Amino acid sequence: MTKINTSSNGELLGALEIRFLALKSRYPMLKHVFSDWLSNQVDATRASKEADLVQAIAVLIESVEEDSVNRKASQTLPPYHNAEHAKEVLIALHILLEEDSRLAPNTTWDPFTHREKLLLTCAAIGHDFLHPGGINREVKEFEERSANAVETILTQCHIATHEVSWVKEIILATDFDQVKSLHKHYKSHGKKASKLLQAQIILTEADVFASVLPGYGRQLSRKLAEEFQMTKTPRAEDLLTEEGRLRFLEKVCFSTPHASQLGLNNIISNIIKLG
């Protein structure tokens, strides 16, 4: 029978959970996560240069949160894929990006510019926008829906076409069934990985960050099981078993030096025992 190891690796993951939940409780809504991060990142000169993108993010946040409010009122809001998930992914992304300053000088990672971080923020906020709940019936089905919706908003806010395309490509990479092959592709590139590939990789890590946490991750499993039941997705009950959680953890990938700095890549592999 498979068991989850509760050794020191679990303790390290627990410390990350405390940090994550403290941030989650500090920010009631998506806009609070973004505004606080922005205030800590941007000087007045830089802020004026990025005003178009900051405004576009504000519009995107409003759209994502309004969609959740409307669907909650009509009782069609997915219990997992909603504005709260977007908030958690954005918090996780910021935790990962905070490791930039602690990366080793010889790292193969090419740090993002501030504008690239804002574009990555767009992708994090909108990666599950309009998600109907459940799982894809076709490859990237729901991701394409989200990417197209985000494209509409960013285009209306006059964001450059090449930047909108960059955000769309990041969102499309979050199809969970495609993540392992994406990370394998990233590792094979080494120093030649593009900024786009880096952005795709780090967002897929942020996407599952909360779900791997030892306590809160199980709460999210219950929400996802509820969503699967609501959408009549097969085997929803499997998400609530230890075996089901282990199968999920075995599919999770952490490949960035940021995740390595936090110990995530080693922790996840070491907390799983096959017996």
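This report describes the pockets, the aromatic pairs and the cysteines of a predicted model.

## Basis of the model

Residues are numbered from 1 along each chain as its sequence is written. Because the model is predicted, local features need pLDDT of at least 70 and side-chain atom pairs count only at pLDDT 80 or more, whereas totals for chains, interfaces and linings use all residues, and side-chain values rest on heavy atoms, with hydrogens and water left out.

## The largest pocket

The largest pocket holds about 990 Å³ of space. A pocket is an open set of points on a 1 Å grid over the protein atoms alone, where a 1.4 Å probe fits, with protein on both sides within 12 Å along at least five of seven lines; lining residues have an atom within 4 Å of a point. The volume is the space filled by probe spheres set on the points, which are joined across faces, edges and corners.

The lining of the largest pocket comprises 33 residues, and Ile135, Phe176, Leu224, Phe228 and Leu239 lie nearest its centre. Two or more residues each come from helix H7 (141-156), helix H10 (195-209), helix H11 (216-230) and helix H12 (242-251). Helices are DSSP runs (H or I, at least four residues), numbered from the N terminus. By class, the lining has 11 nonpolar, 12 polar and 10 charged residues. Here Ala, Val, Leu, Ile, Met, Phe, Trp, Tyr, Cys and Pro count as nonpolar, Asp, Glu, Lys and Arg as charged, and the others, Gly among them, as polar.

## The second largest pocket

The second largest pocket has a volume of about 340 Å³. It is lined by 19 residues, with Ser68, Leu77, Asn82, Ala83 and Glu84 closest to its centre. Helix H4 (51-73), helix H5 (83-97) and H11 each give two or more residues to this lining, and H5 gives the most, with 5 residues. The lining divides into 10 nonpolar, 3 polar and 6 charged residues.

## Aromatic pairs

The model has 6 aromatic pairs, defined as rings of Phe, Tyr and Trp (its six-membered ring) with centres within 6.5 Å; planes under 30 degrees apart are stacked, over 60 edge-to-face and the rest tilted. Phenylalanine 20 and phenylalanine 209 form a tilted pair, 6.0 Å centre to centre with 40° between the planes. Because phenylalanine 20 lies in helix H1 (residues 8-26) and phenylalanine 209 in helix H10, the pair ties together parts that are 189 residues apart in sequence.

Phenylalanine 20 is buried at 0% relative accessibility, and phenylalanine 209 is buried at 1%. Buried means under 20% relative accessible area, exposed over 50% and partly exposed in between (1.4 Å probe, protein chains only). Phe20, Phe209 and Tyr216 form one aromatic cluster.

## Cysteines

The whole structure contains 0 disulfides, a disulfide being a pair of cysteine sulfur atoms within 2.5 Å. The sulfur of cysteine 122 is 9.0 Å from the closest cysteine sulfur, in cysteine 157, which is too far for a bond. Cysteine 122 is buried, with a relative accessible area of 0%, and cysteine 253 counts as buried at 12%.
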